[in-house]
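Dear colleague,

Please find the structure below, handed over for your study.

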Amino acid sequence: MARLKLSGIKKSFGGVDVIKGVDLDIDDGEFVVFVGPSGCGKSTLLRLIAGLDEITAGTLELDGQVSNEVPSRDRGIAMVFQSYALYPHLTVAENMGFSLSLRKTSKAEIEQKVMQAAKILKLDHLLDRKPSQLSGGQRQRVAIGRAIVRQPSIFLFDEPLSNLDAALRMETRAEIAKLHRDLAATMIYVTHDQVEAMTLADKIVVLNGGLVQQVGAPMELYKNPSNTFVAGFIGSPRMNLLKAEVSTLENGMASVDLPGLGNVAVPAGHVRAPGPAVFGVRPQALSLHDGGHRLSGRISLIERMGPETVINLTLPGDETLVAVLPGDPPLVLDQEVTLAFAAEDVHLFPADA
């Protein structure tokens, strides 16, 4: 059992407020990802959970017990850092079992737990090697194995894939997902990469400026972002967000004026009154086909990715529109293009959201 509850958590360094009041419930066995840009407070929040930093205000409960003052070593939590933090003079086996040796655990028990973790992580043939003899992905797996042998109630991951190349990131990401399934453990994972967040999480916590912007399942956040920050952060490429003006609202529909592009009728979304607004549409919702509403502009960039092509359009008023089109359409730079979209694919936000 490993439930975590944060109530009004705040953290200040001197006069600087870094975490500004976070309320969050994490259930037993959940894989929760903290995501947001650099400086949003996600790693600081993870350190508060781990007990590595002192909470300024609020309460942290582990399995129903207030644990603000519980030392890090007694919280039943293991943390995997961005840097592997392996001892270069120790073997893989010795690195993985080091925390157990400090606790005076018997040699036989250490060997048993190390071997169990090594088999899970496919490291059993590397136990006698030193860190200098391992690849980056293997070193990160050793760091994860060091956490596993402690049999914690909660695993914390602080951007563990940041030092790996693209291929290793994908491979190690899959291993972490499998590890969660195999151990059924509570895991909290910090990243700035929304692709990692979307593929790993049961629940995503989007942070910005020390505040929680939205909490929910990956596809819930993708389909129903609560504000322009979440809309622009979740999804790749990011959602197109264009300046607009709502002239009328009626029966859940909004009449929207897009500068230089005319008027369209779309669901009102988060808009409750006429006035300045933000018109959002995902790049994947745009197509070269006829039908629906249309946006026209001149192609300023073409990125051919193989199965899809990403184009940038310069719209009237110099705003940029990004579209992801299937295959390899016959397009050229400076070509005038009209893209279609369906009204139900539009996300409408107040200008200050």
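Predicted model: local features only at pLDDT ≥ 70, side-chain atom pairs only at ≥ 80, totals over all residues.

The protein chain contains nine helices and 19 strands. Its C-alpha atoms fill a box of roughly 75 × 45 × 35 Å along the principal axes. Of the 353 residues in the chain, 46% are buried. Among contacts with a separation of 6 or more, 65% are made by residues 24 or more positions apart.

The buried residues are Lys 42, Thr 44, Leu 45, Leu 46, Leu 48, Ile 49 and Ala 50. Just after H1 comes Gly 51, which has a positive phi of about 85°.

The next topic is a pair of helices. Helix H5 (residues 136-148) and helix H6 (residues 166-183) have axes that come within 11 Å and cross at roughly 20°. Because of that angle, H5 is roughly parallel to H6; the cut-off for this description is an angle under 35 degrees. The crossing of the two helices is right-handed. On the H5 side, the residues that meet H6 are Gly 137, Arg 141, Ile 144 and Ile 148. Their partners in H6 are Leu 168, Glu 175, Ile 176, Leu 179 and Leu 183. By class, this contact of H5 with H6 is made up of six nonpolar, one polar and two charged residues. As background to the spacing of such residues, an α-helix has 3.6 residues a turn, so residues three or four places apart point the same way.

Two residues of H5 deserve a separate look. Gln 140 lies in H5 and counts as buried, because its relative accessibility is 0%. Leaving aside neighbours within four places in sequence, Gln 140 is in contact with Val 80, Phe 81, Gln 82, Tyr 84 and Pro 160. Arg 141 also belongs to H5 and is buried, with a relative accessible area of 10%. Not counting residues up to four places away in sequence, Arg 141 touches Leu 121, Lys 122, Leu 123 and Glu 175.

Some backbone details come next. Most residues other than glycine have a negative phi, and most peptide bonds are trans. Lys 122 has a positive phi, near 60°. This residue lies in the loop between helix H4 (107-120) and H5, and Lys 122 is exposed, with a relative accessible area of 52%. Glu 159 likewise has a positive phi, of about 45°. Its place is the loop between strand E7 (154-158) and H6, and at 13% relative accessibility Glu 159 counts as buried. A cis peptide bond, with omega about -10°, joins Ser 236 and Pro 237. Pro 237 is in the loop between helix H9 (228-233) and strand E11 (240-250).

Finally, which residues does Asp 193 contact, leaving aside its neighbours within four places in sequence? They are Val 35 and Arg 169. The side chains of Asp 193 and Arg 169 make a polar contact at 3.2 Å. Asp 193 is placed in the loop between strand E8 (186-191) and helix H7 (194-200). Asp 193 and Gly 36 are 157 residues apart in sequence, and their C-alpha atoms are 7.9 Å apart in space.

Yours sincerely

Note on methods
Residues numbered from 1 in each chain as written. Heavy atoms only, no water. Axes fitted to C-alpha atoms, helices over the stretch in contact; angles between N-to-C directions. Helix = DSSP H or I, 4+ residues; strand = E, 2+ residues; numbered from the N terminus. Parallel < 35°, antiparallel > 145°, perpendicular 65-115°, else oblique. Left-handed = near helix turned anticlockwise from the far one by under 90°. Contact = heavy atoms within 4.5 Å. Nonpolar A, V, L, I, M, F, W, Y, C, P; charged D, E, K, R; others polar. Buried < 20%, exposed > 50% of the residue type's maximum accessible area, 1.4 Å probe, protein only. Polar contact = N/O pair within 3.5 Å; in protein donor to acceptor, adjacent residues only side chain to side chain.
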